[in-house]
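I opened my notebook to record what I could look up in one protein model, going from the whole chain to single side chains. I wrote each term out with its cut-offs when I came to it.

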Amino acid sequence: MHRTNIARMMLWLVLCLPLAAVHAHQKSANNADAPGPNLASVNAAVAVAGSSDLVFAKNADRSVPIASVTKVMTALVVLDSGAPLNEWLVFQKRHTPAAANAYTRIRVGSQMRRSDVLRIALMSSENFAAYTLARSHPEGFDGFVEAMNAKAKELGMIGTRFVDPTGLSVENLSTAGDLVRLVNAASKYPEIREYSTTDYFRGQFRQPRYSLSFGNTNSLVHRESWGVGLSKTGYLSDAGRCLVMVSKMNGKRVVTVLLDSLGTRSPMGDAGRIKRWLDTGATGQVAKAARQYAQDKNAAYNAMAHSTTAALK
């Protein structure tokens, strides 16, 4: 179970995150067995929208890679910058190599309006789009990443650290509890609500002139019964399948954060189990493979937490 990568993440926690975040990680087991739904996701948090008080928590203080969920913070920084959304941005060749596979259909040198670049970064998790948003920031790429961390600090996200705007880096870390705070903050921006829940979009580029179709990476946005008001998925091999979402559950707007699931459909299944639990109290069942995956990941994290604690003494 990727013990080398988990060890690297734990070292990053010790070196780069506030000490309080390390303590929070050590306490994560306290809420690992909280009564609630059975979930495939290794880490999770559920809250009524607008509140940071968790209705349900599963390892919600554990700092882990969050993959493209990062792009929610990217969107906040873009909108906070005040840069005009109708400005045409140039998709420049990356100035540093991507940390993971950064396949894109977008042509280097072409242009697109900032609003549409932000839309495809959120709805379709387009990595070149997220990179271009940061590269076009008034303070430059490095200034953009600094602004991401400053915003996290402002929101009280003490277990969070960003090193890139796309989520391709395994060193982008956060906790399920922190991401509830982020989603609540992002929900105040109508652009993020609209762009992240767009079903389909035909993006228009110029120089050269061409168009591309983009679809939403969260299948639940297509289902009216879910009333999804904000959405972002993510995936890296080290992060597993991830989902943050605001949706309608038991007559309320609910923030759901699901981090590190085994399969493509696992976060959607977990969202359904959470919804049924809130409606009926039913805890649901998880497939054997997903349960084993979660057990292995928890064992690896706990072993590394003990090793890190011993090293600090």
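**Entry 1: the ground rules**

I noted that this is a predicted model, in which local features need pLDDT of at least 70 and side-chain atom pairs count only at pLDDT 80 or more, while totals for chains, interfaces and linings use all residues. I also noted that residues are numbered from 1 along each chain as its sequence is written, and that side-chain values use heavy atoms, with hydrogens and water left out.

**Entry 2: the whole protein**

I looked up the secondary structure and found ten helices and eleven strands, where helices (H or I, at least four residues) and strands (E, at least two) are DSSP runs numbered from the N terminus. Of the 313 residues in the protein, 55% are buried; buried means under 20% relative accessible area, exposed means over 50%, and partly exposed lies in between, with a 1.4 Å probe and protein chains only.

I then turned to contacts, meaning heavy atoms within 4.5 Å. Among the contacts with a separation of 6 or more, 66% are between residues 24 or more positions apart. The accessible surface comes to about 13400 Å², and 50% of it belongs to carbon and sulfur atoms; such areas come from the Shrake-Rupley method with a 1.4 Å probe, and for residues only the protein chains shown count as cover.

**Entry 3: a loop residue**

Is Ser 169 buried or exposed? I found that Ser 169 is buried, at a relative accessible area of 9%, although its place is in the loop between helix H6 (140–154) and strand S6 (173–174). Leaving aside neighbours within four places in sequence, Ser 169 is in contact with Ala 99, Val 163, Asp 164 and Leu 236.

**Entry 4: salt bridges**

I counted six salt bridges in the structure, each being a side-chain nitrogen of Lys or Arg within 4 Å of a carboxyl oxygen of Asp or Glu.

One of them joins Glu 87 to Arg 114, with the closest N and O atoms 2.8 Å apart. This pair links distant parts of the chain, since Glu 87 is in the loop between helix H3 (70–81) and strand S4 (88–90) and Arg 114 is in helix H4 (residues 114–123), 27 residues apart. Glu 87 is partly exposed at 36% relative accessibility, whereas Arg 114 is buried at 3%.

Lys 297 and Asp 260 also meet through their side chains, at 2.5 Å from N to O. Lys 297 lies in helix H10 (residues 288–312) and Asp 260 in strand S11 (residues 252–261), so this pair ties together parts that are 37 residues apart in sequence. I found Lys 297 buried at 2% relative accessibility, and Asp 260 is buried at 2%.

Where do Asp 270 and Arg 273 lie? Both are in helix H9 (residues 266–280), three residues apart, which is about one turn of the helix, and their salt bridge is 2.8 Å from N to O. Asp 270 is buried with a relative accessible area of 0%, and Arg 273 is buried at 12%. I also noted a network in which salt bridges that share partners join Asp 80, Lys 151 and Glu 154.

**Entry 5: aromatic rings**

The structure holds six aromatic pairs. Rings of Phe, Tyr and Trp (its six-membered ring) pair if their centres lie within 6.5 Å, and planes under 30 degrees apart count as stacked, over 60 as edge-to-face and the rest as tilted.

Phe 91 and Phe 128 form an edge-to-face pair, 5.2 Å centre to centre with 65 degrees between the planes. Phe 91 lies in the loop between S4 and strand S5 (111–113) and Phe 128 in helix H5 (residues 127–135), so the pair ties together parts 37 residues apart in sequence. Phe 91 is buried at 0% relative accessibility, and Phe 128 is buried at 8%.

Phe 91 also pairs with Phe 205, here tilted, at 6.0 Å centre to centre and 55 degrees between the planes. Phe 205 is in strand S7 (residues 200–205), 114 residues from Phe 91, and Phe 205 is buried too. Ring pairs link Phe 91, Phe 128, Tyr 131, Phe 141, Phe 205 and Tyr 210 into a cluster.

**Entry 6: charges over rings**

My last search was for a charge over a ring, which requires NZ of Lys or CZ of Arg within 6 Å of the ring centre and within 35 degrees of the ring normal. The charged end of Arg 105 sits over the ring of Phe 214, 4.9 Å from its centre, and Arg 119 lies over the face of Phe 201, at 5.2 Å from the ring centre.
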